[in-house]
Amino acid sequence: MNFAEARESLNDVIHSPVRLSLVAALNSVDSADYQTLREVLGVSYSLMSKHAGILEDSGYLVITKEFARRTPVTRMSLTRDGRAAFSEYLEALDRLMRGLT
C-alpha cells in the first residue's frame, strides 16, 4: 500500500476521535457495558449514544440490552466487520506513520 492509498484507506466512520476510541476499547474485549465505556472515554451520554449509533448503523457495532437482576444493562460489542475495519484502519495509519520510507 503506497502513501496515497493509505490516506484514502482511512475509514471515515472510524476516524472520528470518539468513534476511534470506542472501537479501540471494544477491540480489546468481547463486549463492555455502556456506562463503563462512557466513563472510560470521558464523554456525555448524548455523545456516546450518537457515536455508538453511527457505528451500529455502519454494521461495526452491536448494541444489546440485558438485565442484571432488575436493572437494565446496555452492552456493546464489535461485529466481525467492525474488527476487520479497525484492523484495516490501523494498517493504513501504520503506513502513514512510516512517512515517505
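Biologist: What share of the contacts in the protein chain with a separation of 6 or more comes from residues 24 or more positions apart?

Modeller: In this predicted model, such residues account for 57% of those contacts. A pair counts as a contact because its heavy atoms lie within 4.5 Å.

Biologist: How do you know which elements the protein chain has, and in what order do they run?

Modeller: The protein chain has six helices and three strands. From the N terminus on, they run α-α-α-β-α-α-β-β-α. A run counts as a helix because it has at least four residues, whereas a strand needs at least two.

Biologist: What makes the span of helix α6 close to the expected one?

Modeller: Helix α6, residues 80-97, has 18 residues and reaches 26 Å from its first C-alpha to its last. The expected span is 1.5 Å times one less than the number of residues, and for α6 that is 26 Å, so the two values are close.

Biologist: Which residues of α6 are called buried, and why?

Modeller: They are G82, A85, F86, Y89, A92, R95 and L96. Each is called buried because its relative accessible area is under 20%. An α-helix has 3.6 residues a turn, so residues three or four places apart point the same way.

Biologist: What do the buried residues of α6 pack against?

Modeller: They pack against α1 (3-9), α2 (12-15) and α3 (17-27).

Biologist: What share of the whole protein chain is buried?

Modeller: Of its 101 residues, 35% count as buried.

Biologist: Which residue just after α6 takes a positive phi?

Modeller: That is G99, with a phi of about 70 degrees.

Notes:
Residues are numbered from 1 along each chain as its sequence is written. This is a predicted model: local features need pLDDT of at least 70, side-chain atom pairs count only at pLDDT 80 or more; totals for chains, interfaces and linings use all residues. Side-chain values use heavy atoms; hydrogens and water are left out. Buried means under 20% relative accessible area, exposed over 50%, partly exposed in between (1.4 Å probe, protein chains only).
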